[in-house]
Amino acid sequence: FFSITTMMRRVMTPTVLGRSGLLRPRYGAHAAVTAKQHAKGKLTAHERIALLVDEGTFREYDAMKEHRCRDFGMQDRRPPGDGVVTGHGKIFGKQVYVFSQDFTVFGGSLSSAHAEKICKVMDEALRVGAPIIGLNDSGGARIQEGVDSLGGYADIFQKNVLASGVIPQISAIMGPCAGGAVYSPAMTDFIFMVDYSSYMFVTGPDVVKAVTNEEVTQEKLGGSKTHASVSGVCHGTYPNDVEALHELRRFVSYLPQSNKDTDRAPLRTTDSRYRNCKSLNNIVPADANMAYDMKHVVRTILDEGSFYEIMADWAKNMIVGLGRMEGQTVCVIANEPKVLAGVLDINSSTKAARMVRFADCFNIPIITLVDVPGFLPGTAQEYGGIIRHGSKLLYAFAEATVPKMTVITRKAYGGAYDVMASKHLRGDVNYAWPMAEIAVMGAAGACNILFRGESPEKIEVETKNYNDHFCTPAEAAKRGFVDGVIEPATTRARLCEDLERLKTKTLSNPPKKHGNIPL
């Protein structure tokens, strides 16, 4: 991968911009406007594309397209390109389609012509079978065009829906994105934001103040930190445009071209499936109430340095992301014992369900690491709809037809055992580590119910018996709910073998228009 410094030097080289077709004179591209954009810590639309795609691969569409508005003096202001740069290029040799909104032209506002350009590249991406990447930096609808602008947004929304599950859709918010404009990124697969220069909200601070009398800043209402840690709208944040584009290139390298891209060649790797993973033998504490670092388990099992975590700052009791096993992209879903003991709650269920469905759309195998004591109790969860939200994750795992491999590292209690990719949900391979506890609930809680009214001494004896008999993987293994109890150090090798074996897996759901997931 290019270093960030190298990328910045490359984008500012005139010969590179020229070969990319990004140096032609155009409205809004002169030095004063560019300097103003740079003063805000932002790159221009053309610079962003030059950083994103491989050198010399970008081919622009409709560079001379103009708006058709004749009201409010707009007939005398017709910048070529109309505030958005569209076309196709390559990222590490992979074909991608890109649109980049130009804030230096009418604030990047969307007109009917602007929308037509975006729809054109989305249509072609769908026909070709290649990811579409949107670099959003727009003040919203172009007021001068009225309903034509709103119609343009609706056209884009329709394209987003048609492309969903067919090609990967990625949105990078690199400036304002407000009002109806937020719904196109919301329907894409991933949203990334730049700190302190990007924001998303349906209604801005002025409207909030007028309606609710709340005073809030743009950053607090819809900045990257808010959406990464509070709302869960954003999948990742970066400190500046350059690093965001650098990471976006890296992220694209994990993705398939489309839902038909089922025979992807893995990246070359020198990381052996038999690499020493003995640290896993001692990572789970003897005390079942003590936490440990599940991310260490994830990074140890995957190819070295390959884990790309998604939504790291939201619902931290659930870890989700992409990684590689012997160069092949895999999806990882894991409970995090360090946060809320790894329980399932509303946010973690939604977070994991979304990732599972993405992986299933694009034929990415799913590895699930389980250490879950159950669902989070409390009125806040029940009133918030934990029944409905928790069932999203259950539905997602049950519906998925890709290879599904599950490893129970410690606890798998109650209904959460079923939900977390159990054998009963058509799991292909289900392993347990020797210290795993698979039961309806913990021994103490179960015996307090079973032996209510008995003496504390009897309850203590029965708790030990229950723990010895039920809180082990043995009973599940006897019934075939666990395919094997394995040494933790062998987990990587086992999963690599299973991935290789399951490449030819075929499984389909009954014919239907679509399922009715409990949204």
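Guide: The account below takes up a strand and its partners, and then turns to a pair of helices. The model is predicted, with local features requiring pLDDT of at least 70 and side-chain atom pairs pLDDT 80 or more, whereas totals for chains, interfaces and linings use all residues. Residues are numbered from 1 along each chain as its sequence is written, and side-chain values use heavy atoms, without hydrogens or water.

Strand β7 (a DSSP run of E, at least two residues) covers residues 190–194, and because 5 of its 5 residues are buried, the strand is largely enclosed by the rest of the structure. Buried denotes under 20% relative accessible area (1.4 Å probe, protein chains only). Phe 190, Phe 192 and Val 194 point one way from β7, while Ile 191 and Met 193 point the other way.

With strand β5 (residues 169–173), β7 pairs in the parallel sense over 4 bridges; pairing requires at least two DSSP bridges. Here Ser 171 lies opposite Ile 191 of β7. Strand β9 (residues 236–238) also runs parallel to β7, joined by 3 bridges, and Tyr 238 of β9 stands opposite Val 194.

As for the helices (DSSP runs of H or I, at least four residues), the axes of α5 (residues 112–128) and α6 (residues 147–163), lines fitted to C-alpha atoms over the stretch in contact, come within 8 Å and cross at roughly 10°. The two are therefore roughly parallel (an angle under 35 degrees). Their contact (heavy atoms within 4.5 Å) involves, among others, Ile 118 and Met 122 of α5 and Ile 156 and Lys 159 of α6.

Key
Axes are lines fitted to C-alpha atoms, for helices over the stretch in contact, and angles run from 0 to 180 degrees between N-to-C directions. Angles under 35 degrees count as roughly parallel, over 145 as roughly antiparallel, 65 to 115 as roughly perpendicular and the rest as oblique. Buried means under 20% relative accessible area, exposed over 50%, partly exposed in between (1.4 Å probe, protein chains only).
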